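Here is a protein model to look at together. Keep the 3D view open while you read.

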Amino acid sequence: MSKLDYTTALITGGVAICTAAAVGVFIYRARKRTRVFKAVGVLEEMYLHPIKSCRGVLVDKGYCNVQGLQYKTLRDRYWIIVNDKNIVLRIRNEPMMTLITPTLSADNRYMYLDAPNMTTLKIPIDTREVPKGEQKLIDISVYGTDIKGYYCGKQSEQWLTTYLKVPGCKLLNCDDDIKLRDASDVIRPRRVNRKGDFVAYADYAAFMLLSKESLTDLNEKLETPVSMRYFRPTLVVSGCEPFAEDTWKFIKIGNVVLRHMKFTERCKSVTVDPETGIMAEDNEPLKTLKTRRQAMYRDSPLLGVHLCLDSEGSIKLGDVVYAALE
């Protein structure tokens, strides 16, 4: 090849690469421009569950970031209870966990825990306030991915062990310096999230949304209706069609943009009455849900959607909820 031909080939190749890059940018921007958000309802309720598998706190506002919903110094599912072998305890195995009720102190420094026939337990939100001799970091696994937790002290261990009657119960906190789980590494039948999606102790994603109308549709099929607390959502939307949330690829509330990650599969935990801690003998509402919303690839019915965050910000009750279908 002559020098002239070689130079011409380089120029031609460079032009082709630049053209391909320009086309790629154009397509990306075009797709971004075609994401049309339409009003689909309003934000009716928000539940923050500070301790995984324990009772949720109703809040009227919050801040959404990649880790999840935050209200003042409380973060969603940033505490977790494990047994003496450091295995995570869950409602379906320990249904009385659902009666452990957290509240935030007036100075935002402590979380109080209450449960039937128990005195109130005071937990410092800053784990550096745990007695020096009791401070330690513990390794655990949540749905196949490893994470650590700061031990919240012997007092909380004794309280939880007494209440749950499970040996060596420990309360752990996911402090700021703990590396969060990469949600894209969570074991799933198929990859449904992206690198950069993080989660603390929640199962799969930092947010879960359910519409009021979807619950109403289910309750119309049940002999005994159930409350929203059975399904432990973060965000509750009203004003849409039943199961409309299944079709929302992106959700915008205020400045917050959330992305559909997966449908929420339901298990035995939804048969536990959140007001009594008793598991239903007739397997409801799970039994009816299985006749209506059975997943195609697993033996779990679907209700609600898991979401990851694309843009952080503040939200409050009454905010208009917008959705894009693509």
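In what order do the four strands of the open sheet come? The order is 6-12-11-10, and the pairing is antiparallel. Strands here are DSSP runs of E with at least two residues, helices are runs of H or I with at least four, and both are numbered from the N terminus. Two strands pair if DSSP finds at least two bridges between them. Strand 6 and strand 10 (137-142) sit at the edges with a single partner strand each, so one side of each has no neighbour in the sheet. From one strand to the next, the twist averages 45 degrees.

Before going further, a word on the source: this is a predicted model, where local features need pLDDT of at least 70, side-chain atom pairs count only at pLDDT 80 or more, and totals for chains, interfaces and linings use all residues. Residues are numbered from 1 along each chain as its sequence is written, and side-chain values use heavy atoms, leaving out hydrogens and water.

Back to the sheet. Strand 11 (residues 145-151) and strand 12 (residues 170-173) run antiparallel and share two bridges. Tyrosine 150 stands opposite asparagine 173 in strand 12. Helix 2 (residues 154-164) packs on this sheet and touches strand 6, strand 11 and strand 12. Its direction makes about 130 degrees with that of strand 12, where angles run from 0 to 180 degrees between N-to-C directions, with axes fitted to C-alpha atoms (for helices, over the stretch in contact).

Now for some buried residues. Buried means under 20% relative accessible area, exposed over 50%, and partly exposed in between (1.4 Å probe, protein chains only).

| Residue | Relative accessible area |
|---|---|
| Histidine 49 | 3% |
| Asparagine 83 | 14% |
| Cysteine 54 | 0% |
| Cysteine 174 | 2% |

Asparagine 83 belongs to the loop between strand 6 (79-82) and strand 7 (101-104). A polar atom of its side chain lies 3.0 Å from the backbone nitrogen of isoleucine 87. Beyond four places in sequence, asparagine 83 has contacts (heavy atoms within 4.5 Å) that include Leu89, Val166 and Lys170.

Histidine 49 is in the loop between strand 1 (38-48) and strand 2 (57-58). Leaving aside neighbours within four places, its contacts include Cys54, Arg75 and Arg232.

How far can you trust all this? The chain averages a pLDDT (the predictor's confidence in each residue, from 0 to 100) of 89, and 85% of the residues score at least 70. Over residues 6-31, though, pLDDT stays under 50.

Key
Polar contact = N/O pair within 3.5 Å; in protein donor to acceptor, adjacent residues only side chain to side chain.
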